[in-house]
Amino acid sequence: MKYIKTLVGNTLEKSKLGNQGCGECQTSCQSACKTSCTVGNQKCENK
Amino acid sequence: MGKKRIHKFYMNNKYIVLDVNSGSVHVVDKIVYDILEYYETETLDYILSKFTSEYGKKAVIDVYEEITKLKEQGLLYAPEQNLVGLSYNKDNVVKALCLHVAHDCNLKCDYCFAAQGNFKGDRSLMSLETGKRALEFLVENSGNRRNLEVDFFGGEPLMNFQVVKDLVEYGRDLEKKYNKRFRFTITTNGVLLDEDKMDFINENMENIVMSIDGRKEINDNMRKTITGKGSYDIILPKFKAMAEKRKDKDYYIRGTFTNRNIDFSKDIMDFYENGFKSVSVEPVVTSEKEEYALREEHLNRVLEEYEKFSREYINIKKRDKDFNFFHFMIDLTQGPCIIKRTVGCGAGSEYLAITPEGDLYPCHQFVGEKEFNLGNIFEGIKNNTLRKEFKEANIFNKEECNQCWARYYCSGGCHANAYYSNSDLMKPYKLGCEMEKKRIECAISILANLGD
């Protein structure tokens, strides 16, 4: 593509493995914040 | 009006388009950015009439076709996620604890949400027996999850360090017995850190969060000793030594900003100049009535500060990739799954806080609020209605989140922020939302710049 550079493709649809999630990832508030919620910066541990 | 399916913004010299439902992110030319404004609502003829003089006919048609192609590939204007039947934590698995081993503190920080460590109750330390029972409670309620998390929190957890040590040892026994893996972390003000404690923490904790507010005058203005003196000179050398010891292990130096230091990027830089590489500085959580609270009138300056710092951050990252500001980190490729992004932090369901007496609360920020008591570790969860409320407070059920482009990044925001600002778990904290949206834009624009 000439005018559009895709930085990242379809990540959400592809991460839909059933409707439960494996739950092995870290709880977001345990990482550093403790007073806000930032989930998008966490890693999936099932990849 | 239908929900917005794309979000576009210009920052740090990049035109960026985020596709809300697929998570795709595109860096585009200005012509694309302009045409996207009309793509969904107007015909190609209209778009040609509007942009041909500026960009030329061929370019407009080419861009139109590129957008259409991405749409067909599900990378632009992707339809809403179909999560019918989403069954979040139906077995009520608990996987993480915030263990309040000490409801006492050796600092007296003005803004403390824990009311100087005691969470509005009596000063107390968790007994080893209660701590052990808490770990057992976690294992018993963890179902098939292998990775379990325990954050030693307070008050100040180093005031009860022997219990911390004994609990780590007990946790290791439980790991073997039940085939689990404990990830221990600790959040400390650093006053009692000494060589022995540092060695123990370094060896046994997967992460240490060290609380300090950046520049000396900023820290000392809020984070005071019991006698009212500043704590900076006591804690900074200890935190430096601790960070030095960590080497490639995780740590965070974590500060809070209030309306007294809206120029908080200077505090972040102060951390960096002191050698700290993993940094978090967070907006204060308090009643609007407090003199130092962040209020609507401060918002624009805070947002500008984030954006200003993002420019500085790009420059630093180009020469020092190890530097990380917690809120500018975003993982676009290995990030959490859609389920996690939908349900959020898990407070009140997967994640619980436990008081020194063994009482259960949805998270550390609700501790001491009697109506949020969920039960205790000896008898289990008693307030199933409350647990259900927390479980259902997700981005589909919160009206404002449902419409917001950032919903899959913040996942509905912090329940405690929502409750304390609006007395309603389902109504997000507006200031927090605006700050979070800005941080996400900053984070993506940083990635776009670093990818060059």
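This is a predicted model: local features need pLDDT of at least 70, side-chain atom pairs count only at pLDDT 80 or more; totals for chains, interfaces and linings use all residues.
Student: How many aromatic pairs does a search of the whole structure find?

Tutor: The search finds 31 aromatic pairs over all chains. To read such a pair, one takes the distance between ring centres and the angle between planes, with angles over 60 degrees counting as edge-to-face. The rings of F257(B) and Y306(B) have centres 6.3 Å apart and planes at 75 degrees, so this pair is edge-to-face.

Student: Which parts of chain B does the pair of F257(B) and Y306(B) tie together?

Tutor: F257(B) belongs to strand β10 (residues 252-257) and Y306(B) to helix α10 (residues 299-319), so the pair ties together parts 49 residues apart in sequence.

Student: Are F257(B) and Y306(B) buried or exposed?

Tutor: Both F257(B) and Y306(B) are buried.

Student: What is the arrangement of the pair F366(B) and F372(B)?

Tutor: The pair is tilted, with 4.5 Å centre to centre and 35 degrees between the planes. Burial is read from relative accessible area, with values under 20% counting as buried. F366(B) has 0% and is therefore buried; F372(B) has 5%, so F372(B) is buried.

Student: Which charged residues lie over the faces of Y170(B) and Y409(B)?

Tutor: Here one reads the distance from the charge to the ring centre, which must be within 6 Å. K132(B) lies over the face of Y170(B), 5.0 Å from the ring centre. Over the face of Y409(B) lies R341(B), at 5.5 Å from the ring centre.

Conventions
Residues are numbered from 1 along each chain as its sequence is written. Chains are lettered from A and ligands numbered from 1 in the order in which they are written. Side-chain values use heavy atoms; hydrogens and water are left out. Rings of Phe, Tyr and Trp (its six-membered ring) pair if their centres lie within 6.5 Å; planes under 30 degrees apart count as stacked, over 60 as edge-to-face and the rest as tilted. Helices (H or I, at least four residues) and strands (E, at least two) are DSSP runs, numbered from the N terminus. Buried means under 20% relative accessible area, exposed over 50%, partly exposed in between (1.4 Å probe, protein chains only). A charge sits over a ring if NZ of Lys or CZ of Arg is within 6 Å of the ring centre and within 35 degrees of the ring normal.
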